[in-house]
Amino acid sequence: QVQLVESGGGLVQAGGSLRLSCAASGSILRINDMGWYHQPPGKQRELVAAISSGGTTTYADSVKGRFTISRDNAKNTVYLQMNSLKPEDTAVYLCHARVATTAWLVNDYWGQGTQVTVSS
């Protein structure tokens, strides 16, 4: 089994910054893609940013230039640095990892979510 534990959410004023962290633990052979999704109130879950095992990154258009995703493969941890936050960034942020637990078994895992609230 694999667990993802997120931290770093909270309440911040518009224009402020937050850094989210997500650490994976358990029966991990290899972690492929890692990423962050958010689910704004009343909306569906959508990708915020993703990073491959080799470091290739993908961002939603709404966060380009403001958010930076990074990972520490030695610690099985992914980070999301969020700058210039806007009220519309308010959402539950969920960590995702595509994990190989054996040579032939790869599954998607999710964290429990961390709330980010940006006040105007």
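Predicted model: local features only at pLDDT ≥ 70, side-chain atom pairs only at ≥ 80, totals over all residues.
Student: Which cysteines does a disulfide join?

Tutor: A disulfide is a pair of cysteine sulfur atoms within 2.5 Å, and by this rule the count comes to 1 disulfide. Its S to S distance is 2.1 Å, and it joins Cys 22 to Cys 95.

Student: How many residues apart in sequence are the parts that Cys 22 and Cys 95 tie together?

Tutor: Strands here are DSSP runs (E, at least two residues), numbered from the N terminus, while helices are H or I runs of at least four residues. Cys 22 lies in strand 3 and Cys 95 in strand 9 (residues 91–100), so the pair ties together parts whose separation in sequence is 73 residues.

Student: Are Cys 22 and Cys 95 buried or exposed?

Tutor: Buried means under 20% relative accessible area, exposed means over 50%, and partly exposed is in between (1.4 Å probe, protein chains only). On that scale, both Cys 22 and Cys 95 are buried.

Student: What does Ser 21 touch?

Tutor: Ser 21 lies in strand 3 (residues 18–26), and at 17% relative accessibility Ser 21 counts as buried. Contact means heavy atoms within 4.5 Å. Not counting residues up to four places away in sequence, Ser 21 touches Val 5, Glu 6, Ser 7, Trp 36, Val 78 and Tyr 79.

Student: Which residue lies over the face of Tyr 79?

Tutor: A charge sits over a ring if NZ of Lys or CZ of Arg is within 6 Å of the ring centre and within 35 degrees of the ring normal. For Tyr 79, the distance from the ring centre is 4.1 Å, and the residue is Arg 19.

Student: What angle lies between the planes of Tyr 37 and Trp 110?

Tutor: The structure holds 1 aromatic pair. Rings of Phe, Tyr and Trp (its six-membered ring) pair if their centres lie within 6.5 Å; planes under 30 degrees apart count as stacked, over 60 as edge-to-face and the rest as tilted. Tyr 37 and Trp 110 are edge-to-face, with 5.0 Å centre to centre and an angle between the planes of 70°.

Student: In which strand is the Trp 110 of that pair?

Tutor: The pair links distant parts of the chain, 73 residues apart. Tyr 37 is in strand 4 (residues 30–39), and Trp 110 is in strand 10 (residues 106–110).

Student: What is the bridge partner of His 96 in strand 10?

Tutor: Two strands pair if DSSP finds at least two bridges between them. Strand 9 and strand 10 pair in the antiparallel sense over 5 bridges, and a hairpin through 5 residues joins them. In strand 10, the bridge partner of His 96 is Trp 110.

Student: Which residue lies over the face of Trp 110?

Tutor: Trp 110 is partly exposed, with a relative accessible area of 36%. At 4.5 Å from its ring centre, the residue over its face is Arg 45.

Student: How many salt bridges does the whole structure have?

Tutor: A salt bridge is a side-chain nitrogen of Lys or Arg within 4 Å of a carboxyl oxygen of Asp or Glu. One of them joins Arg 98 and Asp 108 (2.7 Å, N to O). A search of the whole structure finds 3 salt bridges.

Student: Are Arg 66 and Asp 89 buried or exposed?

Tutor: The side chains of Arg 66 and Asp 89 meet in a salt bridge at 2.8 Å, N to O. Arg 66 is in the loop between strand 6 (57–59) and strand 7 (67–72), and Asp 89 is in the loop between strand 8 (77–82) and strand 9. Arg 66 and Asp 89 are buried.

Student: And are Asp 61 and Lys 64 buried or exposed?

Tutor: Asp 61 forms a salt bridge with Lys 64, with the closest N and O atoms 3.1 Å apart. Both residues, Asp 61 and Lys 64, are exposed.

Methods: Residues numbered from 1 in each chain as written. Heavy atoms only, no water.
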